[in-house]
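Work through the exercises below with the sequence and the model side by side. Try each task before reading its solution.

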Amino acid sequence: MLKFETVNELTLKVTCTGSDVLFTKAGAFIAGESLNGKNYKFEKLLLGPQGNLVQAAIGSLMRRVTKENLPLMKVIMNGDSITYYANQSQHVVVYKLAVGETVSVESENILAFTKDCKYSVRFIGCGVISQKGLATSTLTGTGNNAYVAVLCDGNPIVLSNLQNNHTICVDPDAVICWMGPSGYCDPQIKLDLSWKNLIGQASGESYSFEWNGGQPVSVIIQPAERPSGVAIGID
């Protein structure tokens, strides 16, 4: 059994009771402690976390084609231990998925997940005008120990309309992940283009991701934006 916690906002602490398996971003391990010697080891995953070789190969090919490929490391734990993981001083957010619940997340923002999470890639059909691509990685809870740890540049902000049915609008370049109680809860993409874009007088906020009040969702964003994929204007 594994338990995820954060330490000083920048580090993931994983407590293992008994024997278990953890999947992390390759090279993310920073420290560990265990009784009577080291009882955990690391293996680089050449294909993916799927148990079936064919499924792992297909998943690996899909991730490479969609540029959602994440170099993964498998941590095999044989006894009680505590291990720590981090990535370039980024903030760490821990989330526990319910069975059947899915989080959609950029592969670059995945730090670690347990074996009770099904890892895959799917097309969302939006985001061509930002660094948020046409595909996204998904992690779906398949058991009672489905932990996910994601990375964020700066302190994360969580927006949710589960209680108030508000419309949520965010910059795609600041999105880390989103999740909802049913389905994938994918956003609509909204464009605000006019003649001003052609003469370089646009506001700089010409596109956004939007979830209406009828789409129950929680969205995690970061106070930093990826470079936009397309610049529209005339010098």
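A residue is called buried under 20% relative accessible area, exposed over 50% and partly exposed in between, with a 1.4 Å probe and protein chains only. The model is predicted, so local features need pLDDT of at least 70 and side-chain atom pairs count only at pLDDT 80 or more, while totals for chains, interfaces and linings use all residues. Residues are numbered from 1 along each chain as its sequence is written, and side-chain values use heavy atoms, with hydrogens and water left out.

**Exercise 1. A salt bridge**

Task: Find which residue forms a salt bridge with D20, and decide whether D20 is buried or exposed.

Solution: Start with the rule: a salt bridge is a side-chain nitrogen of Lys or Arg within 4 Å of a carboxyl oxygen of Asp or Glu. By this rule the count comes to one salt bridge. The partner of D20 is K115, and the closest N and O atoms are 3.7 Å apart. Helices (H or I, at least four residues) and strands (E, at least two) are DSSP runs, numbered from the N terminus. K115 lies in the loop between β10 (110-114) and β11 (117-123) and D20 in strand β3, so the pair ties together parts that are 95 residues apart in sequence. Last, D20 has 9% relative accessibility and therefore counts as buried.

**Exercise 2. The sheet around β3**

Task: Give the strand order of the open sheet of six strands, and state which strands stand at its edges.

Solution: Two strands pair if DSSP finds at least two bridges between them.

**Exercise 3. Aromatic pairs**

Task: Classify the ring pair F4 and Y147, then the ring pair F113 and Y119.

Solution: Rings of Phe, Tyr and Trp (its six-membered ring) pair if their centres lie within 6.5 Å; planes under 30 degrees apart count as stacked, over 60 as edge-to-face and the rest as tilted. The whole structure holds ten aromatic pairs. For F4 and Y147 the centres are 5.2 Å apart and the planes stand at 25°, so the pair is stacked. F4 belongs to strand β1 (residues 2-7) and Y147 to strand β13 (residues 146-152), so the pair ties together parts that are 143 residues apart in sequence. Both F4 and Y147 are buried. For F113 and Y119 the centres are 5.3 Å apart and the planes are at 45°, so this pair is tilted. F113, at 0% relative accessibility, counts as buried, and Y119 counts as buried at 3%.

**Exercise 4. Cysteines and a backbone angle**

Task: State how many disulfides the structure has, and describe the phi and the place of E9.

Solution: A disulfide is a pair of cysteine sulfur atoms within 2.5 Å. The search of the whole structure finds zero disulfides. C16 is buried, with a relative accessible area of 2%, and C117 is buried at 8%. Turning to E9, its phi is positive, about 70°, although E9 is not a glycine. E9 is in the loop between β1 and β2 (11-16). With 43% relative accessibility, E9 counts as partly exposed.
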